[in-house]
Amino acid sequence: MAMETVLVLFILVVLNASASGATRLLMNRGKVGRYFIENGLGQTPRWDGIAGTTSAVILMRVYFEKQGNMVPKASTFPSGIKALAHYVHRKGLELGIYSDAGTQTCSKRMPGSLGHEEQDAKTFASWRVDYLKYDNCENNGIKATERYPPMSEALLKTGRPIFFSMCEWGWQDPATWAKSVGNSWRTTGDIEDNWNRWASYAGPGGWNDPDMLEVGNGGMTTEEYRAHFSIWALAKAPLLVGCDIRAMDNNTYELITNREINLEYKERSLSPLKMVWADPLRGNKVAVILWNRSSSNVRVTASWSDISLEPGTTVDARDLWEHSTQTSVSGEMSAELDSHACKMCVLTPRRY
């Protein structure tokens with residue numbers, strides 16, 4: 001589950017740790033109580049809670065002094081992390097950092113924050129960090145329900161709003177308990193850039209996280225990336241861009257900055273290869289994805305009964321990728337789709 005290289009828009013800066021920066025000892029700990037994440041962040045699946053904007057984050061790894069204090073690598077960040085945060089914030093971006101709910105991070109080269117939650121949270125806040133990705137390696141067999149709440153409480157105590165992104169890999173079904181702890185929770189292992197049940201738990205303040213987007217990394221077609229992006233959006237997932245924003249092409253930029261896919265958030269499977277996904281929105285609207293997972297062109301159709309609309313309902317269908325509207329649609333919607341392509345629409349019932 002190591003996160004060795006990732007992300008930009010999210011720019012991930014990977015730092016090498018000194019071998020002498022060694023592992024910190026796990027402190028004695030009592031039974032962890034239940035904490036509620038009340039930092040005001042994550043009101044929409046956009047991690048910063050700002051609807052209709054595209055945010056960026058820099059994730060980095062750091063190492064530690066012998067005394068257990070977190071310090072940046074001087075050769076990489078000679079001005080320090082706080083100065084970097086000031087620079088990043090002036091660019092209109094947000095600053096994120098990486099740590100682990102274990103004794104080491106997944107690379108096994110840097111110490112984690114287990115047993116040092118309050119100490120590290122204070123450091124993150126002093127650096128003006130906005131986002132913490134908190135991994136699950138080297139956890140000494142301690143349950144995630146015991147390891148993640150202490151960092152949640154420690155972040156809240158700092159008084160700085162820091163988005164808490166829990167990377168627990170879905171081992172203990174975090175969708176059922178993590179909303180009281182973090183702003184998002186990984187539901188799976190690490191994603192890969194190829195084509196080879198928890199929505200009801202997500203809502204303002206806490207979201208399912210099936211991992212970052214692979215859009216723009218070069219392993220899939222534009223249609224596959226569009227389907228990938230659409231499904232993540234409908235699944236109420238944080239849209240964490242995982243490519244290098246310095247090198248993205250125009251297709252990638254247009255795809256990830258599509259402001260129409262800013263839903264204010266039921267899967268219906270017609271077959272394993274022809275799928276209809278739908279989710280209710282505010283104002284009696286419905287978001288719908290028609291998705292062709294097969295290797296050939298097919299027509300995918302969603303009847304109103306598939307997506308919980310009344311049989312006599314007439315809607316206007318706004319295509320979020322084509323940026324066009326089909327008016328007065330009744331009974332069903334359908335599309336002829338290329339292999340691995342999708343059609344994503346918001347249906348607005350007409351008033352008479």
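**View 1. Strand E6, tucked inside a predicted model.** All 5 of the 5 residues in E6 (residues 131–135) are buried, so the rest of the structure largely encloses this strand. Both of its faces are covered. Tyr131, Lys133 and Asp135 sit on one side, with Leu132 and Tyr134 on the other.

**View 2. E6 and its parallel partner, E5.** Here E6 lines up with strand E5 (residues 94–100), and the two pair in the parallel sense over 5 bridges. Look for Asp100, which stands opposite Asp135 in E6.

**View 3. Helices H2 and H3 where they cross.** Two packed helices are described by the angle between their axes and the distance between the axes. For H2 (residues 117–126) and H3 (residues 144–158), the axes come within 8 Å and cross at roughly 40°. The pair is therefore oblique, and the crossing is right-handed.

**View 4. Side by side: the residues where H2 meets H3.** H2 brings Glu117, Glu118, Asp120, Ala121, Lys122, Phe124 and Ala125 to the contact. From H3 come Arg147, Pro150, Met151, Ala154, Leu155, Lys157 and Thr158. Sorted by class, that's 7 nonpolar, 1 polar and 6 charged residues.

**View 5. H2 on its own, and what comes after it.** Which residues of H2 are buried? They are Glu117, Asp120, Ala121, Thr123, Phe124 and Ala125. An α-helix has 3.6 residues a turn, so residues three or four places apart point the same way. After H2 comes Arg128, with a positive phi near 70°.

Note on methods: Residues are numbered from 1 along each chain as its sequence is written. This is a predicted model: local features need pLDDT of at least 70, side-chain atom pairs count only at pLDDT 80 or more; totals for chains, interfaces and linings use all residues. Side-chain values use heavy atoms; hydrogens and water are left out. Axes are lines fitted to C-alpha atoms, for helices over the stretch in contact, and angles run from 0 to 180 degrees between N-to-C directions. Helices (H or I, at least four residues) and strands (E, at least two) are DSSP runs, numbered from the N terminus. Angles under 35 degrees count as roughly parallel, over 145 as roughly antiparallel, 65 to 115 as roughly perpendicular and the rest as oblique. A crossing is left-handed if the near helix is turned anticlockwise from the far one by less than a right angle, and right-handed if clockwise. Contact means heavy atoms within 4.5 Å. Ala, Val, Leu, Ile, Met, Phe, Trp, Tyr, Cys and Pro count as nonpolar, Asp, Glu, Lys and Arg as charged, and the others, Gly among them, as polar. Buried means under 20% relative accessible area, exposed over 50%, partly exposed in between (1.4 Å probe, protein chains only). Two strands pair if DSSP finds at least two bridges between them.
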